[in-house]
Amino acid sequence: MKLEDKLFLDRYVVDSIPHLKIKDPNKCVMCQKKQCLYTCPAQVYKQEEGKIVVSYEGCVECGTCRIICSENLEWKYPRGGFGVSYKFG
Ligand code: SF4
């Protein structure tokens, strides 16, 4: 089963308040590594016109980006009742 197929099995209750926030978008422009673009399993981070765009709605709350970009990312779990729920474990 491909990753995309597994992600399709997840269900989300999307909060109107983002739980992921870039503290300083200018730091992302200057960042040489841009690890968020290729380590997030849900492809939440995209680069558009040189800027990093965060589609927090698809986050599976794995915490990877929290570790790789702790200095420029404000990371919280979604509020109670919101976020991802795993249908099959
Ligand atoms: Fe992607 Fe995991 Fe970070 Fe969510 S917590 S944005 S799924 S790396």
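The ligand sits in the second largest cavity. This is a predicted model, in which local features need pLDDT of at least 70, side-chain atom pairs count only at pLDDT 80 or more, and totals for chains, interfaces and linings use all residues. Residues are numbered from 1 along each chain as its sequence is written, and side-chain values use heavy atoms, without hydrogens and water.

Biologist: Why is the ligand said to sit in the second largest cavity?

Modeller: Because sitting in a cavity requires more than half of a molecule's atoms to lie within 2 Å of its grid points, and the ligand is assigned to the second largest cavity.

Biologist: What makes a space a cavity?

Modeller: On a 1 Å grid over the protein atoms alone, a cavity is a set of points where a 1.4 Å probe fits but cannot get out. Two cavities of 30 Å³ or more are counted here.

Biologist: Which residues line the second largest cavity?

Modeller: Among them are Cys40, Pro41, Val60, Thr64 and Trp75; lining residues have an atom within 4 Å of a point.

Biologist: What is the volume of the largest cavity?

Modeller: About 80 Å³. Val13, His19, Tyr56, Glu57 and Gly83 are the closest to its centre, of the 13 residues lining the largest cavity.

Key: 1 Å grid on protein atoms, 1.4 Å probe; cavity = no way out; pocket = protein on both sides within 12 Å on 5 of 7 lines; lining within 4 Å. Points joined across faces, edges and corners; volume = space filled by probe spheres on them.
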